Each structure stands twice: as C-alpha cells, then as structure tokens.
Amino acid sequence: WLTILLGLGLIILAIISLFESTLSQVNVLVLFQPLILGMAGNTGTQSLAVTIRGLGNQYYLDRDEAHNHVQRELKSGMLNGLIIGALGFFTTLGFLFITGAKDANPWLVATTVSFALFFALSIASLFGAAVPLILHRLGFDPAAASGPFITTLNDVIALVIYFSLATVIILSL
C-alpha cells in the first residue's frame with residue numbers, strides 16, 4: 001500500500017506543478033492549501049471510521065445497506081461542507097483583510113476557499129464511505145488499506161478542486 005501511495009504522492013506533485021501559473025499569480029492561495037487538505041482529510045477519515053466500524057459490526061454487507069450508508073455520508077459531508085465553507089469564507093476574508101494580502105481580490109480568494117471546502121468535504125465523505133466498502137468487496141482488509149489511501153486520495157481531489165476553482169474564479173474574473 002505504501003508503494004501505491006508513493007505513486008499517488010507523485011501525482012500530488014504533478015497536480016501542483018500543473019497549477020504553477022495560478023500559484024505564481026496568486027501566492028496567497030498557498031496559505032489556505034493546508035486548511036482545505038486538512039479539513040478534507042479529517043472529514044474523509046471520520047466517514048472512513050464510521051464505515052469500518054459498521055463493517056466490523058456486520059453492517060453494510062447488503063448492497064442496499066451499503067448504498068444507503070454512502071448516501072447518508074455524502075449528505076453529511078455536504079452539510080458539513082456547507083457550514084465549514086461558509087465559516088471558511090468569513091475567516092478567509094477576515095484573515096486577508098487583517099494581513100493586507102495584495103496579490104489577489106480578497107472576496108474572490110474567500111469565495112474560492114469556501115467553494116473548495118464545500119466540494120472537498122462532500123467528496124471526502126463520499127470516498128471515506130465508499131472506498132472501504134469497495135475494498136471489502138474486493139477481499140482486502142479495509143482497516144489496513146483505507147486510512148492511508150483515503151488521505152492521499154483526498155489530497156489529490158482537494159488540490160484539483162481548489163486550484164481549478166482558483167484558476168476559474170480568481171484568474172478568469
């Protein structure tokens with residue numbers, strides 16, 4: 001699993017390099033990267049823990065149970081994403097006004113962070129529930145493989161979301 005994760009880690013480097021132009025034009029984006037990655041990682045890990053606990057208790061073995069669980073986790077992630085995204089908007093905006101960031105419009109950066117948090121948390125919850133169920137169906141131990149895999153996968157997805165949104169919202173407007 002660590003070898004696979006090493007490969008995924010290299011993908012993270014490639015993603016960052018794809019958005020080098022965006023980062024060079026809006027340096028302040030780097031400041032919020034750990035926030036978005038950390039929140040997505042925490043959300044995905046929480047969803048993962050609930051799923052693995054359920055599998056250990058023999059839940060979600062039926063397709064309908066698994067499907068309903070994934071839907072519940074996605075809804076939970078969307079609600080958390082909405083709340084954290086809104087809070088992220090105001091805290092980002094406050095931070096940028098207090099620090100006087102000069103390389104981008106604070107409103108656009110705050111909007112980008114807010115949307116990135118919403119989408120990253122939603123998708124992290126989805127993957128946190130779905131990946132262990134898929135691994136279990138494939139005959140792998142989800143408790144051993146899911147944690148590191150989810151963390152790295154969430155990092156990849158969150159970075160793509162964040163930098164894509166930044167490119168569209170900040171640089172296109």
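Predicted model: local features only at pLDDT ≥ 70, side-chain atom pairs only at ≥ 80, totals over all residues.

The reasoning rests on an angle: helix 3, which covers residues 29–56, and helix 5, which covers residues 106–137, pack at about 25° with their axes 8 Å apart, and angles under 35 degrees count as roughly parallel. The crossing of these two helices, helix 3 and helix 5, is right-handed. If we sort the residues of the contact between helix 3 and helix 5 by class, we find 18 nonpolar and 7 polar residues, with no charged ones.

Helix 4, made of residues 63–99, meets helix 5 in another way, for their axes cross at roughly 155° and come within 7 Å. Helix 4 is therefore roughly antiparallel to helix 5, because angles over 145 degrees are counted in that class. Here too the crossing, that of helix 4 and helix 5, is right-handed, and the contact of helix 4 with helix 5 is made up of 23 nonpolar, 11 polar and 3 charged residues.

The remaining pair to consider is helix 3 with helix 4, whose axes lie 11 Å apart and whose packing angle is about 160°. This angle makes helix 3 roughly antiparallel to helix 4, and the crossing of helix 3 and helix 4 is right-handed.

Turning from the contacts to the surface, the reader can look for a nonpolar patch formed by L79, L82, I83 and L87, which together have about 400 Å² of accessible area. One of these residues, L87, has its place in helix 4.

Technical notes: Residues numbered from 1 in each chain as written. Heavy atoms only, no water. Axes fitted to C-alpha atoms, helices over the stretch in contact; angles between N-to-C directions. Helix = DSSP H or I, 4+ residues; strand = E, 2+ residues; numbered from the N terminus. Left-handed = near helix turned anticlockwise from the far one by under 90°. Nonpolar A, V, L, I, M, F, W, Y, C, P; charged D, E, K, R; others polar. Parallel < 35°, antiparallel > 145°, perpendicular 65-115°, else oblique. Patch = residues over 30% accessible without salt bridge, like charges linked within 9 Å, V, L, I, M, F, W, Y side chains within 5 Å. Areas by Shrake-Rupley, 256 points an atom, 1.4 Å probe, with all protein chains shown as cover. Salt bridge = Lys/Arg side-chain N within 4 Å of Asp/Glu carboxyl O.
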